[in-house]
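Here is my note on the model you sent.

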Amino acid sequence: MKILILKGSPHKNGTTNTIVNEFIKGAKANKNNIIEEIDVAHASIHPCKGCDNCMMNGPCIQKDDGEMILKKILESNLVVFVTPVYYFGFSAQLKTLIDRFYSKNMKITSKHLKVIYIAASWNNDSKVMMAISEHMDILSSYLEMEEVGRILAKGAGSPSMINEKYLFEAYKLGKSL
Ligand SMILES: Cc1cc2nc3c(=O)[nH]c(=O)nc-3n(C[C@H](O)[C@H](O)[C@H](O)COP(=O)(O)O)c2cc1C
């Protein structure tokens, strides 16, 4: 299957990218998987202007990397959202891209994409993933995406802090595809 990985951290060698690298190792075991990574955090993506020019299904007036990424999403079978937890939610870098889904909303819902979420936080308490988890749930539901996995790595403020269990979980999830 075509797997598109959307990396939402500005840290190229940070926590979430370390975890997703394990996922990729696992997913590469199946030679039928075609994996593409996009460094969303370093792409040129401007926020949705809410101009409604697209009317939720037309071309966006903004000519930046957003359009190219949306096209790739629509060509994929599985999208992996990868994000550090920023103030209990997705990173602004990734959320800016998600807002740009607006111009392809109906096309995305009709694809019934499979989706995986990978997030990491510094804190390790019971509340730190509550809001982002709710957001993942409602996003999948609204966009009619089928979630096939979620890794919420708590207490993982830097690569050296990552509990091995999350790396293994990521590898296993990739391998299951
Ligand atoms: C702007 C900002 C906001 C953050 N907000 C939170 C937060 O709400 N809760 C938390 O536990 N960690 C928070 N962190 C820490 C990161 O989620 C954590 O260090 C994560 O491992 C970084 O992943 P990365 O290396 O892939 O970017 C924040 C970090 C930044 C820079």
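**Cysteines and ligand site**

1. Start with Cys-54. This is a predicted model, and in it the closest cysteine sulfur to that of Cys-54 belongs to Cys-51, 6.2 Å away. That is too far for a bond, because a disulfide needs two cysteine sulfur atoms within 2.5 Å. Cys-54 is also buried, at 11% relative accessibility.

2. How many disulfides does the structure hold? The count is zero. Cys-48 is in no disulfide either. For Cys-48, the nearest cysteine sulfur is that of Cys-54, at 6.5 Å.

3. Is Cys-48 buried or partly exposed? Cys-48 is partly exposed, with a relative accessible area of 36%. Cys-54, in contrast, counts as buried.

4. The side chain of Ser-9 places an N or O atom 2.5 Å from a ligand oxygen. Thr-15 uses its backbone instead: an N or O atom there lies 2.9 Å from an oxygen atom of the ligand. Gly-157 likewise has a backbone N or O atom 2.9 Å from a ligand oxygen.

5. How much of the ligand does the protein bury? Taken alone, the ligand exposes 650 Å². The protein buries 79% of that area.

6. Where does the ligand sit? The space it takes is the largest pocket. To check the site in the viewer, start from the side chain of Ser-9, then find the backbone of Thr-15 and that of Gly-157.

Definitions and conventions
Residues are numbered from 1 along each chain as its sequence is written. This is a predicted model: local features need pLDDT of at least 70, side-chain atom pairs count only at pLDDT 80 or more; totals for chains, interfaces and linings use all residues. Side-chain values use heavy atoms; hydrogens and water are left out. Buried means under 20% relative accessible area, exposed over 50%, partly exposed in between (1.4 Å probe, protein chains only). A polar contact is a pair of N or O atoms within 3.5 Å; within protein, one must be able to donate a hydrogen and the other to accept it, and residues adjacent in sequence count only if both atoms are side-chain atoms. Accessible areas come from the Shrake-Rupley method with a 1.4 Å probe; for residues, only the protein chains shown count as cover. On a 1 Å grid over the protein atoms alone, a cavity is a set of points where a 1.4 Å probe fits but cannot get out, and a pocket is an open set with protein on both sides within 12 Å along at least five of seven lines; lining residues have an atom within 4 Å of a point. A molecule sits in a cavity or pocket if more than half of its atoms lie within 2 Å of its grid points.
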